[in-house]
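Please read this briefing with the sequence and the model side by side, and find each residue as it is named.

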Amino acid sequence: MNRPSAFARAAFLGVFLWSVTACQDERTPAPDNNPPVDSTTFLNPLLNSGPDPWVTQQGDTYYYMHTMGNRITLRAATQLMYLQHAWAEIVWTPPLGTGYSNNIWAPELHYLQDKWYIYFAADNGQDVNHRMYVLESSSEDPLEGTWEMKGKVSDASDKWAIDGTILEYKDKLYFIWSGWKGDNDPGVQQLYIAPMSNPWTLEGERVMISEPEHEWEMNGLVN
């Protein structure tokens, strides 16, 4: 029997190493979180995948997260070009059987009033029940400590909601999100805003600030 060629052995080794790497736990860090690179250039894409990306900066650190569906992960790097080398730390996994156990979308990390908050959309497995929720951590480092569920972020109408974000204006917090006018308006979304009495509570009713009206906005009817 002929021995495999050097090329074949190298190819097998490459596939083997790729398989081992692919099976590593997502919490496992790369050998060097901030490897030396040419600071004047970077390579796109920064990550191979990352729906609904969110980045915030605190001090000298960039924090990054994106939609994972069934959990919330967080990466930290001193420069955005290092994201591919940063590990995705699982900071929160939902309990089973709740209104926020499934379809966890578009998480956003915000530092408000000396605490960290993560806002995200989730449901119980049925899209019609998608709502916004928020977690709180008093840890100085968002990658450490415990995240506490503060609850649903909603006004009294309690309508379908996704993609929430925070606006800070003149020392006042406002919540902005994409929602439905009614209880079952699939495919049609508007943007809403409401003032907040604290980082997890809306005060007053929501106000619609935008909806599709121009021809270029009508593909999908989503703002």
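Thr67 lies in the loop between β2 (61–65) and β3 (72–77), where helices (H or I, at least four residues) and strands (E, at least two) are DSSP runs, numbered from the N terminus. This is a predicted model, in which local features need pLDDT of at least 70 and side-chain atom pairs count only at pLDDT 80 or more, while totals for chains, interfaces and linings use all residues. Residues are numbered from 1 along each chain as its sequence is written, and side-chain values use heavy atoms, with hydrogens and water left out.

**Confidence**

- The mean pLDDT of the protein is 85, and 83% of its residues reach 70 or more; pLDDT is the predictor's confidence in each residue, from 0 to 100.
- Over residues 1–32 the pLDDT is below 50, and beyond near neighbours in sequence this stretch has 16 contacts in the model, a contact being heavy atoms within 4.5 Å.

**The surroundings of Thr67**

- Thr67 is buried, with a relative accessible area of 14%; buried means under 20% relative accessible area, exposed over 50%, and partly exposed in between (1.4 Å probe, protein chains only).
- The side chain of Thr67 makes a polar contact of 2.6 Å with the side chain of Asp52, and it also reaches the backbone nitrogen of Ala106 at 2.7 Å.
- A polar contact is a pair of N or O atoms within 3.5 Å; within protein, one must be able to donate a hydrogen and the other to accept it, and residues adjacent in sequence count only if both atoms are side-chain atoms.
- When neighbours within four places in sequence are left aside, the residues in contact with Thr67 are Pro51, Asp52, Ile104, Trp105, Ala106 and Pro107.

**A sheet of four strands**

- Four strands form an open sheet in the order β5-β6-β7-β8, with antiparallel pairing; two strands pair if DSSP finds at least two bridges between them.
- Because β5 (102–112) and β8 (148–152) stand at the edges, each with a single partner strand, one side of each is left without a neighbour in the sheet.
- From one strand to the next the twist averages 25 degrees, with axes taken as lines fitted to C-alpha atoms (for helices over the stretch in contact) and angles running from 0 to 180 degrees between N-to-C directions.
- Strand β6 (residues 115–123) is joined by seven bridges to strand β7 (residues 131–137), and the two run antiparallel; within this pairing, Arg131 of β7 is the bridge partner of Ala122.
- On its other pairing, β7 is joined to β8 by four bridges, again antiparallel, and Tyr133 stands opposite Lys152 in β8.
- Seven of the seven residues of β7 are buried: Arg131, Tyr133, Leu135 and Ser137 point one way from the strand, and Met132, Val134 and Glu136 the other way.

**Tyr119 and the nonpolar cores**

- In soluble globular proteins, nonpolar side chains tend to be buried together.
- The largest nonpolar core has 19 residues, and those with the most contacts inside it are Tyr119, Val153, Phe175 and Met196; such a core is a set of buried Ala, Val, Leu, Ile, Met, Phe, Trp, Tyr and Cys residues joined through side-chain atoms within 4.5 Å.
- The elements that give two or more residues to this core are β6, β7, β9 (161–169), β10 (172–179) and β11 (190–198).
- Apart from this core lies another, of 18 residues, among them Leu109, Phe120, Ala122 and Leu135.
- Not counting residues up to four places away in sequence, Val153 touches Tyr119, Met132, Tyr133, Val134, Phe175, Met196, Trp200 and Leu202.
- Tyr119 is found in strand β6 and counts as buried at 0% relative accessibility, while a polar atom of its side chain lies 2.5 Å from the backbone oxygen of Pro199.
- Tyr119 and Leu135 are 16 residues apart in sequence and 6.6 Å apart in space, C-alpha to C-alpha.

**Backbone geometry**

- Most residues other than glycine have a negative phi, and most peptide bonds are trans.
- The peptide bond from Asn44 to Pro45 is cis, with omega near -5 degrees, and Pro45 lies in the loop between α1 (6–22) and β1 (54–58).
- Asn103, in strand β5, has a positive phi of about 50 degrees although it is not a glycine, and at 29% relative accessibility Asn103 counts as partly exposed.
- Lys170, in the loop between β9 and β10, has a positive phi of about 50 degrees and is likewise not a glycine, and at 66% relative accessibility Lys170 counts as exposed.
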